[in-house]
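Please have a look at the structure first.

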Protein chains: 4
Amino acid sequence: MIRRKLPVAVLGATGAVGQTFVRLLAAHPWFELQELAASERSAGRRYGDAAHWIDGDPPRGIAERCVVPCTPEHVQSPVVFSALDSSVAGEVELAFARAGRFVLSNARNHRMEPDVPLLIPEVNPEHLALLDRQRRERGWEGAIVTNGNCAVIVIAMALAPLHQRFGVRQVFVTTMQAVSGAGYPGVPSLDILGNVIPFIAGEEEKIAPETCKFLGRVTDGVLHPAQIAVSAQVTRVPVQHGHTVSLAVALERRASQRDVFAAFAEWRGAPQARELPSAPERPLILHDAVDRPQPRRDADAGGGMSVTVGAVRADSILDVRLVATGHNTVRGAAGASVLNAELLVAQGVIPAT
Amino acid sequence: MIRRKLPVAVLGATGAVGQTFVRLLAAHPWFELQELAASERSAGRRYGDAAHWIDGDPPRGIAERCVVPCTPEHVQSPVVFSALDSSVAGEVELAFARAGRFVLSNARNHRMEPDVPLLIPEVNPEHLALLDRQRRERGWEGAIVTNGNCAVIVIAMALAPLHQRFGVRQVFVTTMQAVSGAGYPGVPSLDILGNVIPFIAGEEEKIAPETCKFLGRVTDGVLHPAQIAVSAQVTRVPVQHGHTVSLAVALERRASQRDVFAAFAEWRGAPQARELPSAPERPLILHDAVDRPQPRRDADAGGGMSVTVGAVRADSILDVRLVATGHNTVRGAAGASVLNAELLVAQGVIPAT
Amino acid sequence: MIRRKLPVAVLGATGAVGQTFVRLLAAHPWFELQELAASERSAGRRYGDAAHWIDGDPPRGIAERCVVPCTPEHVQSPVVFSALDSSVAGEVELAFARAGRFVLSNARNHRMEPDVPLLIPEVNPEHLALLDRQRRERGWEGAIVTNGNCAVIVIAMALAPLHQRFGVRQVFVTTMQAVSGAGYPGVPSLDILGNVIPFIAGEEEKIAPETCKFLGRVTDGVLHPAQIAVSAQVTRVPVQHGHTVSLAVALERRASQRDVFAAFAEWRGAPQARELPSAPERPLILHDAVDRPQPRRDADAGGGMSVTVGAVRADSILDVRLVATGHNTVRGAAGASVLNAELLVAQGVIPAT
Amino acid sequence: MIRRKLPVAVLGATGAVGQTFVRLLAAHPWFELQELAASERSAGRRYGDAAHWIDGDPPRGIAERCVVPCTPEHVQSPVVFSALDSSVAGEVELAFARAGRFVLSNARNHRMEPDVPLLIPEVNPEHLALLDRQRRERGWEGAIVTNGNCAVIVIAMALAPLHQRFGVRQVFVTTMQAVSGAGYPGVPSLDILGNVIPFIAGEEEKIAPETCKFLGRVTDGVLHPAQIAVSAQVTRVPVQHGHTVSLAVALERRASQRDVFAAFAEWRGAPQARELPSAPERPLILHDAVDRPQPRRDADAGGGMSVTVGAVRADSILDVRLVATGHNTVRGAAGASVLNAELLVAQGVIPAT
């Protein structure tokens with residue numbers, strides 16, 4: 001499909017999510033990582049000095065690159081991945097979209113805007129229809145497409161097969177989130193070693209609206225969020241990578257245990273159908289061991305792009321209980337936007353070169 | 001109240017909960033720790049050699065004691081605390097009760113029997129009325145009184161003020177449990193370092209029935225469990241001590257935020273009224289910091305006997321959401337039975353010497 | 001000895017070491033914690049808001065206090081404990097000494113000055129003789145007395161009995177240091193969870209000179225550092241509290257295994273002789289279990305004021321190998337300075353009121 | 001070199017090291033994993049049920065295999081990798097060698113026998129000359145070749161370049177070892193969470209003799225161990241994978257900082273020259289960041305087959321100080337034996353099919 005690799009850039013390349021973008025893009029079959037952009041503080045520095053690399057070492061040749069500022073003037077690539085902090089992402093991403101670029105964003109700033117797709121390619125590819133309206137109303141050639149909050153992506157993927165087959169009505173969720181979700185330096189070790197913290201600033205507020213947007217429908221260019229009541233408690237746990245969610249789910253229609261298992265086991269989506277490079281063979285892995293999923297053993301499944309579901313059973317009050325784990329900086333952040341970009345290319349929204 | 005200290009023994013003194021009993025009883029104002037009993041394998045050995053002490057070192061003078069077998073012949077004390085494994089606790093505890101002893105048990109074996117009190121002195125002291133029936137029907141002079149599962153005690157204490165004032169109808173709970181709850185050697189480090197495990201053998205099954213028994217009523221010597229629907233997911237987290245539970249609660253009667261706060265803040269019980277030695281000043285501590293309770297910071301509150309409640313707010317689906325943390329081997333196990341024994345002494349069930 | 005409690009203040013009261021000072025002084029029999037002082041940023045705020053409390057909650061009544069600025073005008077106490085960051089401690093401590101105050105400092109700024117005692121009361125109480133010279137030459141009525149680096153205190157206490165009896169000639173040391181040694185927020189969890197970091201900025205450089213000063217002699221008001229060659233590698237490990245050091249030691253004079261054991265077991269000092277309030281019964285605890293000392297089990301020994309020594313044996317190259325563990329924020333920091341102050345009071349250097 | 005894959009078996013396939021063998025061999029270009037053998041308890045069971053898999057899930061198709069007993073009758077492969085426990089490895093490995101098989105062993109039983117190569121292909125490939133004597137004197141067609149203790153392999157690889165160029169005379173070492181070195185269930189989480197344990201049963205005794213054997217010479221079929229004095233303290237730390245060692249080294253001949261750096265940077269061996277499949281491009285990686293090596297960031301370097309060296313500097317007493325980290329179950333165990341087997345094939349000792 002791709003003759004020549006498409007030049008791409010990472011905005012906010014030095015942070016924890018930025019590093020994951022860099023790692024995923026450094027060896028990407030369709031994209032050529034052309035620019036590493038970051039804040040004024042880092043611009044002009046050697047990437048290896050500006051970024052405190054979290055896992056192992058940067059891919060070969062990357063550390064020596066020079067960081068450029070986050071402006072459309074300094075970044076020429078037609079496709080930019082944004083790992084910017086929300087304090088600056090809003091304006092910077094607008095500037096890039098106005099300059100005609102495709103912005104694949106991990107930042108929360110534009111996620112809930114009615115003309116901005118909040119996209120998981122397996123869950124709601126049809127939401128890309130919002131881009132027409134976005135371009136028309138905003139008057140730009142570019143586009144902003146966002147991935148969701150790292151915990152919500154795990155929740156939405158675990159709910160999607162149930163919602164598509166039986167309708168989800170209510171969800172009670174308790175999250176157990178990894179420290180890499182807080183970026184670097186992030187969570188002080190004195191807070192989290194041997195501890196659980198039942199609070200993550202700004203996190204709980206995102207869970208209901210983003211879940212409902214992901215699982216909503218787009219009709220005639222208008223988004224109709226799913227009508228799902230969500231009750232959420234978030235917690236931070238001493239885990240490196242991998243968010244785990246405990247879910248109790250009420251369905252619209254009755255479903256047998258067998259129906260539910262089948263819904264999870266058979267679930268595939270556009271990335272699998274189109275064999276996108278970052279698409280895992282199975283977006284959901286239904287694990288049958290009683291003690292799974294576990295973040296340390298399952299977060300890397302499918303290259304970090306699969307969500308593992310387990311402990312699936314009838315709930316004693318509602319319909320289904322289950323636990324799901326996904327890699328928060330891959331499927332929950334950088335990998336999510338890379339897959340979004342791949343879908344855009346595959347659908348011709350981003351023109352292949 | 002106590003002129004001479006009452007001789008007491010610990011059955012299963014070498015394990016993790018047994019050690020906590022030993023630590024709490026070694027300096028107890030009412031009880032004199034007379035015998036350390038354990039399995040055949042340990043009997044006859046020096047306690048310091050037989051027990052792999054988990055926190056620091058055994059209290060002074062304890063390590064040198066000789067472990068005796070768990071039989072009424074070898075253990076003379078009228079009061080015995082049982083930290084026995086459930087594989088043996090059932091029979092051994094019966095033998096002691098038949099021999100006229102007061103058995104304060106942490107084991108699960110007899111907890112759900114209709115004539116055995118499952119006791120938290122602040123929650124259901126009136127359940128001691130079951131002892132008349134127990135002695136009459138079983139034909140023994142002794143008694144068996146049990147504390148509950150370590151996670152259920154935290155749940156039941158957090159629910160008790162709500163149930164007493166407003167009636168609890170439904171509870172969704174996800175637990176995050178410390179490794180000390182599994183005893184020693186317990187959870188392998190290869191399983192839990194940097195991980196979450198959504199399974200604890202035999203644990204989830206206890207949560208609904210024990211919660212309903214704790215919060216039930218005794219009328220004319222008959223126990224009527226509370227009619228509360230409970231949906232539970234348990235998990236193990238890399239925390240040393242302190243079980244944390246995330247709760248969403250439906251009430252029978254409407255309660256304002258203010259009513260709920262007052263219910264928690266004002267809640268006291270028999271141990272506080274009688275100023276029992278192990279009674280914390282406040283059985284529930286309502287913490288107002290947004291990021292509390294936390295096991296590492298809060299498990300030791302009230303000498304490990306207080307449960308800390310936080311993140312209390314209106315639930316988006318039911319009535320109340322909250323998080324509670326308690327020390328699983330103190331309030332959730334050994335300290336629970338010690339407090340139970342104190343109540344029995346204070347009420348004259350166990351005769352003071 | 002003390003009729004009325006002596007008013008004291010903590011400078012830098014909001015940080016990790018400052019909190020330990022506050023905890024130790026809140027219930028001190030000789031000292032009355034009168035002022036909580038901190039940087040401009042915190043001054044005027046409620047202490048409970050300004051300090052992110054690391055272990056449990058602040059002592060009763062402390063959270064409500066108002067933080068004052070770190071100047072002799074705002075702090076009236078004659079005795080001040082400094083937990084200030086080294087970026088500001090130098091000047092602030094001079095200002096207090098010039099204003100006639102007794103400054104007990106945990107900061108590194110003045111430690112190596114020739115007229116400033118670097119004091120461990122059990123090791124080198126005679127170094128207080130430097131105070132005459134300090135006051136004469138600096139022309140102030142006050143005094144500055146410092147404790148050492150948290151790792152060096154553990155090393156110096158473990159070496160002191162050997163040095164006093166046999167002379168220490170060479171030491172090879174590898175440290176394994178707790179995260180609380182880095183203060184708050186300190187070490188990011190992403191760096192240290194499941195990891196070892198063989199670097200602590202500025203730490204290795206302190207080990208040789210401070211060790212030699214602690215173990216040196218004062219003759220006619222002049223300090224003569226011990227002539228000990230020290231080779232050090234520091235590391236950070238995922239431990240909450242408690243620094244552990246692995247030592248290989250060359251002695252001046254031959255010592256049998258028995259001599260070495262006796263040296264550790266019998267070692268006592270001025271704080272024990274004078275029964276100072278913070279003095280542990282045994283400043284060194286010689287543990288005979290093969291797998292001790294361990295930070296989690298031993299750091300709190302003696303209320304955090306004892307250093308535990310174990311794995312003592314003949315070295316295959318030099319004379320002695322051993323491992324020592326001590327609580328880095330108690331004996332290694334705040335508790336060290338509190339004990340220093342107690343010695344000053346007991347010796348009449350600080351006049352009792 | 002290899003036309004048809006060589007059938008191989010893993011003895012002790014269910015344990016922690018056995019699992020690593022399985023993972024490395026499942027996709028090996030030269031070897032075909034034909035049999036999974038384990039103790040009587042596991043024989044006949046499905047591998048996925050018999051093995052509690054530690055990292056992620058078993059390679060595809062492996063879980064369904066049936067475990068066979070560890071006897072030459074049940075295991076047909078000409079090459080067997082032994083991950084057996086030392087309680088049984090001695091006899092079982094002899095039986096296989098007598099049956100004409102090539103035994104590549106991770107067990108300690110035969111390591112120190114004078115006619116058994118203790119092999120690191122980059123360090124002492126010439127030790128394979130011992131095999132002639134072994135076969136002649138033992139009268140078998142098979143062979144036993146061992147890898148070393150997991151910590152010693154890291155030490156020996158870090159010392160090899162220094163020893164080859166400058167002669168190593170003395171080494172002081174403190175190890176910080178990962179929990180996976182203890183196998184499964186291994187270290188209880190209650191012992192190691194937030195802790196350091198300065199003891200590993202039987203470990204320290206291996207460090208001096210194995211290091212000296214690795215770095216020794218074979219002349220006329222006789223092994224002459226290196227004359228290196230080793231002083232060692234081992235510790236266990238809460239790290240999943242990756243042993244770290246802190247070394248102070250005395251050399252025979254003076255070496256400048258530059259010479260030492262060059263020795264590490266330029267060091268290659270037989271596996272690199274012969275481009276063996278498991279050979280990392282660089283067996284030693286000299287890292288120049290001040291805070292490296294670290295187990296979590298560096299253990300996986302070179303697919304777990306590279307040892308990373310850092311913090312290299314002149315020692316204040318001896319000649320060189322440094323820190324080295326290597327993956328204990330890959331380069332320190334299973335990967336070591338796989339590389340040994342590859343060398344045997346490349347040298348024609350094991351006939352290619």
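A polar contact is a pair of N or O atoms within 3.5 Å; within protein, one must be able to donate a hydrogen and the other to accept it, and residues adjacent in sequence count only if both atoms are side-chain atoms. The model is predicted, with local features needing pLDDT of at least 70 and side-chain atom pairs counting only at pLDDT 80 or more, while totals for chains, interfaces and linings use all residues. Residues are numbered from 1 along each chain as its sequence is written, chains are lettered from A and ligands numbered from 1 in the order in which they are written, and side-chain values use heavy atoms, with hydrogens and water left out.

Let us begin with B:H241, which sits in the loop between β10 (229-233) and β11 (243-251) of chain B. Helices (H or I, at least four residues) and strands (E, at least two) are DSSP runs, numbered from the N terminus. B:Q272, in turn, belongs to helix α9 (residues 270-273) of chain B. Buried means under 20% relative accessible area, exposed over 50%, and partly exposed in between (1.4 Å probe, protein chains only). B:H241 counts as buried because its relative accessibility is 16%, and B:Q272 is buried because its value is 13%.

| Side chain | Partner side chain | Distance |
|---|---|---|
| B:H241 | B:D55 | 2.8 Å |
| B:H241 | B:S180 | 2.9 Å |
| B:Q272 | B:E122 | 3.0 Å |

Contact means heavy atoms within 4.5 Å. Leaving aside neighbours within four places in sequence, B:H241 is in contact with residues including B:P295, B:H327 and B:T329.

Over in chain A, helix α5 (residues 150-166) packs on helix α11 (residues 330-346) at an angle of about 95 degrees, their axes 8 Å apart. α5(A) is therefore roughly perpendicular to α11(A), a term for angles of 65 to 115 degrees. A:C150, A:I153 and A:M157 of α5(A) meet A:R331, A:G332 and A:A336 of α11(A). Of the residues in this contact, four are nonpolar, one is polar and one is charged.

How values were computed. Axes are lines fitted to C-alpha atoms, for helices over the stretch in contact, and angles run from 0 to 180 degrees between N-to-C directions. Angles under 35 degrees count as roughly parallel, over 145 as roughly antiparallel, 65 to 115 as roughly perpendicular and the rest as oblique. Ala, Val, Leu, Ile, Met, Phe, Trp, Tyr, Cys and Pro count as nonpolar, Asp, Glu, Lys and Arg as charged, and the others, Gly among them, as polar.
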